[in-house]
Each structure stands twice: as structure tokens, then as C-alpha cells.
Amino acid sequence: MFTLLKLEVLKLIRSRSFLLSFIALTTFVALMLWGFYSYAERKAGEQVTSQFKYTYESKSYFNGLTFALYSVMFSFSLLIPIFVAMTAGSQIAGERQAGTLRMICVRPVSRVSLLLSKFLVVAFYTYLLVAFFIGLNLLVGLLFVGWGDLQLYPGALNLVDEPGKLLRDEALWRFAYASVSGTWALLVIAAIAILFSVLFDNPATATVATLALYLVFHIVDRVEFFEHLRPYFFTTDMDFWRDVFKPEIPWQSFGRYGSICGAYIFGILLLAVAIFDRKDITS
Amino acid sequence: MWAKILLTVLCLSMIGIAAHFNSLRERSLLAAGAHDGPRLRLMTWNIGYAELEDDSRAHTKDLQAVAETILSNDPDAIALQELTGAEQLKILLGYLHGRYRGAVAPPGNSDRVDAVLVKDRDAGFESFPADGKFAIAASFHLRPELPKVVFVSAHADAFSAARRRVFTGEVVDWARNRPHQSIVLIAGDFNFELNPKNESHLYTDNVKNDSEAYSYALKYFRDLGRDAGYTAVNDRRIDYLFGPSEAVLLRRAEVLRGAGVGQMDHWPLLIEVAL
């Protein structure tokens, strides 16, 4: 198992998509920094002070932690899932397309171990991606925006329903928690992509199918007509990761939705394992 | 095989944990003890009609039903919105058999007025401007030995979030500058649209403006009706009663959903606090 993991990690690091995902996230942070600067200047500038006083009176509202929070929130729902789906979707289907799957499977390695080691590597990659992104945002925030306490207002990120504040050190811990809770939520997408990777021969099809499923639920989740269906969408449950940024973490719902995500992850993996174990590999 | 069994066990454990967390009761704000000083019961109600009607202001024919709701719930003070003017208030006070005194705010740039009613015979009334309109406040004592209560009735613009923000800012600024000894409460229809998921057009900054206005109110006051649920049709919580953060204990927060008559699109919000 250890050798398998080592080989899979090496394969992942040598793939182009690995480097591409980190470059894309770095570019996104640069874009966010530019947008954040221009927005803060426009909103906190002299010309709108009279209008702006009604809420964001605190001069330290726009700081590096706020920047990191916005950046992480915006990228989590649409940007990071693309890379996770891309990497997970290519795990089995990619081997099949390259013609190496058959060769791997004739070796004395069980198919279940192979698939689980691939999933573990994807989980490691997801954590690396999320931790890198959060770390980079905090670093950029510290260097270019400056640090302070993290102030939270209702509405803007749909995070809290009354104003709250996290002191700087506590906020940094919350970002660390978010790297774990965010990874756990993203593993639902990774599990779906692994399943599609087992089902489809082409990695592009597996990735697109995963993203299509995720985006359809994500968009429908935000349409009023389907409000009564929201509790049944996995995208609704995935939102639990954001709870770590609330001044008082709601452990009840955090535990509940985190567990539901866990059920999705292990349930889908079980299905993928069962299918892969019996599948005829003819390519 | 062991891997499949492990995955099955993990999946079932996760379902079990999720079910466990679901069954645990959330802590309630209302769960504190009952014996804690005199009670102040307040009501806020926009008695106007839905926008689809020809005249969306309060209808005089409904005032008897409004009075019956007030009498059956027996609040110490009531904030009403969307009355046509002083004449309607006079009729309503008549239906209340002289148990309440009241006053309406000047109309300002609006075709409808806010009113405030109180039981205390010695209550004083004061209107003040906010974004071109007027809000009205009643000052009264629940008991002579208790601090003075200042109760504001206000109605923010229904169509412009930017105007709501300015209006809320001016009402809150007026309220927070009352003497420190008094207990200040702001009630009314603020029309805040705070949940982005309920915002069907995502290309405006309504949510941002409303969240800023709400945040500003919460900077100095507490949202006492937060757990009472929606107050208007289409599951909207747009009627609020803001009170002091520490001087009062919340004892009851309820939306009287059976109270609406005619084509009213709001229900009364009833709040009871211990002083």
C-alpha cells in the first residue's frame, strides 16, 4: 500500500495539472488583490464617506484577514472544485486512456487498494491545494493589505446573522480549521469524480460530468423555486465548512453536515470500489 | 473485502453521527427562568395591504379587527405602520375603548403615516425626521419607579435599499442619543432583504445595503424578534423590534400569523421582555 501511495504521489507531482492548479490559484489571488484594493479605495474614499458611515465605520475593516476570507469564500465554490474534479476524474480514466490501467491491474495489487490509494492521493492533493491557497491569501493579505481583527457582517457573505468579530490570533486558527473542513467538503466532489472516472473511459468526460453535476446542484441551490429541495442537495451540506468562521462555531450543525458529507464520501467510494472490482478492463 | 467492509462501516457511522446531531436540541434564548421583574409587552404591525391592491394603505374597515387583536394580546405599547392619517388612529382608539392613547407622525414625503399607541395616560409623543419621512416615538413609564421607556415606530422604504440604509441610520442615531437611563426600543417595518438566497435579482447591491443597515442597528441594539420567524407573506422577515442589548431579558417573541385581515401582507410581531 505504501509503495502504491508513493507511486501515485510521484505521478501526481509530475502531472501538468498539478502545477497548473497552483499557478491558476496564484493568479486568482493576484486578481483578488487588485479587485480588493480598487473596491476598498472606492468604498472607503473621501467621496463616499458620508454614505458609508452607516455600517463599515471601522477603519480597520478592510485588512488582510478580510481579504483572505473573501478570496477563500469566492474561490471555494467555483474555482477549487474544478481542480479537484480534474485530478480525481483522471485517476482511473486517465490510466485507461493512457493504456496503463490493464498493466497495473495484472500486477499482484488488488484493485481496491489501487483505487483507495488513488483516492488518498487525491485527498492529500486537495488538502495541499486548500492549505496553499489559504496560506497564500494570508501572506498576500499580510504583505499588501495589513492585518487586524476579522470583522463579520450579515448579508455580505451570508455567513453571520448579526455583526461579530474574531480577534486576529483566533481568526488565524479559524483559517487553519478551514483548511481541514474545506478539504473534507471538497472530498465529496473528489469521490464523485473518482466514481465517474471508474464509469467512463475518458478523463475529460469524468471531469465534465462531475463538474456538471456539481454546478447544476450549486446553481439550482440558489434559485428560489427549488428552496424546498435544498436539504437534499450535497452542495447544501458542503457549505458546512464555512461555519468555522462564525464567532461561535455551531458545533451541532457543523457535526451534522460534516457527517453527511462523510456519508457521501464513503458511500460513493464504496460504490466506486464495488464497480471497479468487477469491471472488465478491455483497453 | 476488508476495504469494502471498512467503507460500509464508515458510511454507516457518518449517517449515525448525522442523525445524533440532528436529534440534539438547540439552546433557546427563551429558556431562562421566569421570575425576573416586571414585563413589558410590545407589538409592531404594518396594517397596510399588499402592493397588488389599489390602495395599499390601511383600510378603515379592518380597524375593528386590528383593535380586537390588540385587546386580546394586551400589549403595553403598539407601533403601527401605513395608516392613512390621524382620522384612522382616532377610529382605532375608539375601538380600543379608551384603553390606549396614541399619536401619528407627520406624513413627510409619504402618503402614509406611522403611529404609536400606549396604555400609560401620561405618555409623551415626539416625531422626528428620517430621510424625508417621519418616525414617531412614545415616552412612558411602565411603573413610576421604573426607567422611562422610549418606543419608536418606523417604516423604511419598500423599494430602495439605499434609502432604507439612510433611513435606518437616522432612526438609530436618534434612538441611541436618548438619555442613558431610558430603555429605548425601535419597532417597525424595515423591509430588510438580508438573505442573498432570497434575492431573485443578484445584480443589485440590495443585500449589501440592507446588511449594512441591519448591522448598524445591531451595533447599538438587539434584534428581539430574531427567533420569531417570518412576519410577512412570501416567508419574509421584514418587521423588526430592536431593543437594548443588556437592559432587558427577552421572554417571548411571536408572530401572530392568524391576525391578518383583508389583504394585509404583514402579521403583528409580539415581544415580551422583562425589565
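Helices (H or I, at least four residues) and strands (E, at least two) are DSSP runs, numbered from the N terminus. By that count, the secondary structure of chain B comes to five helices and 12 strands, while that of chain A comes to 12 helices and two strands. This is a predicted model, in which local features need pLDDT of at least 70 and side-chain atom pairs count only at pLDDT 80 or more, whereas totals for chains, interfaces and linings use all residues. Residues are numbered from 1 along each chain as its sequence is written, and chains are lettered from A and ligands numbered from 1 in the order in which they are written.

**The two chains overall**

- Starting at the N terminus, the elements of chain A follow the order α-α-α-α-α-α-α-α-β-β-α-α-α-α.
- Of the 283 residues of chain A, 42% are buried (20 or more other C-beta atoms within 10 Å of the residue's own; 12 or fewer is exposed, in between is partly exposed, and C-beta atoms are placed from the backbone).
- In chain B, buried residues make up 44% of the 275 residues.
- Contacts here mean two residues whose C-beta atoms, placed from the backbone, lie within 7 Å. Among those in chain A between residues at least 6 apart in sequence, 76% join residues at least 24 apart.
- For chain B, residues 24 or more positions apart account for 64% of the contacts with a separation of 6 or more.

- The buried residues of α5(A) are Ile80(A), Pro81(A), Phe83(A), Val84(A), Ala85(A), Met86(A), Thr87(A), Ala88(A) and Gly89(A).
- Ser17(A) belongs to helix α2 of chain A, residues 16-44.
- Leaving aside residues up to four places away in sequence, Ser17(A) touches Met86(A) and Thr87(A).
- Ser17(A) and Thr87(A) are 70 residues apart along the chain, yet their C-alpha atoms are separated by 7.2 Å.
- Ser17(A) counts as partly exposed because it has 17 C-beta neighbours inside 10 Å.

**Chain A: helices α8 and α9**

- Helix α8(A) (residues 111-145) and helix α9(A) (residues 168-199) pack at about 140°, with their axes 9 Å apart. Axes are lines fitted to C-alpha atoms, for helices over the stretch in contact, and angles run from 0 to 180 degrees between N-to-C directions.
- The two helices, α8(A) and α9(A), are therefore oblique to each other (under 35 degrees is roughly parallel, over 145 roughly antiparallel, 65 to 115 roughly perpendicular, and the rest oblique).
- The contact of α8(A) with α9(A) divides into 14 nonpolar, four polar and no charged residues (Ala, Val, Leu, Ile, Met, Phe, Trp, Tyr, Cys and Pro count as nonpolar; Asp, Glu, Lys and Arg as charged; the others, Gly among them, as polar).

**Chain B: the six-stranded sheet**

- Six strands of chain B form an open sheet of mixed pairing, in the order β3-β4-β2-β1-β12-β11; strands pair if DSSP finds at least two bridges between them.
- The edges are held by β3(B) (101-104) and β11(B) (249-255), each with a single partner strand, so one side of each has no neighbour in the sheet.
- From one strand to the next, the twist averages 15°.
- Antiparallel strands β11(B) and β12(B) (residues 269-274) are joined by six bridges, and Leu250(B) has Val273(B) as its bridge partner in β12(B).
- Helix α3(B) (residues 86-95) packs on the sheet and touches β2(B) (77-83), β3(B) and β4(B) (113-118); its direction makes about 165° with that of β3(B).

**Chain B: a helix pair and a hairpin**

- Helix α2(B) (residues 63-73) packs against α3(B) at about 50°, with their axes 9 Å apart.
- The pair α2(B) and α3(B) is therefore oblique, and its crossing is right-handed.
- Strands β5(B) (residues 124-130) and β6(B) (residues 133-140) pair in the antiparallel sense over seven bridges.
- β5(B) and β6(B) form a hairpin with two residues between them, and Asp131(B) in the turn has a positive phi of about 50°.

Notes
Left-handed = near helix turned anticlockwise from the far one by under 90°.
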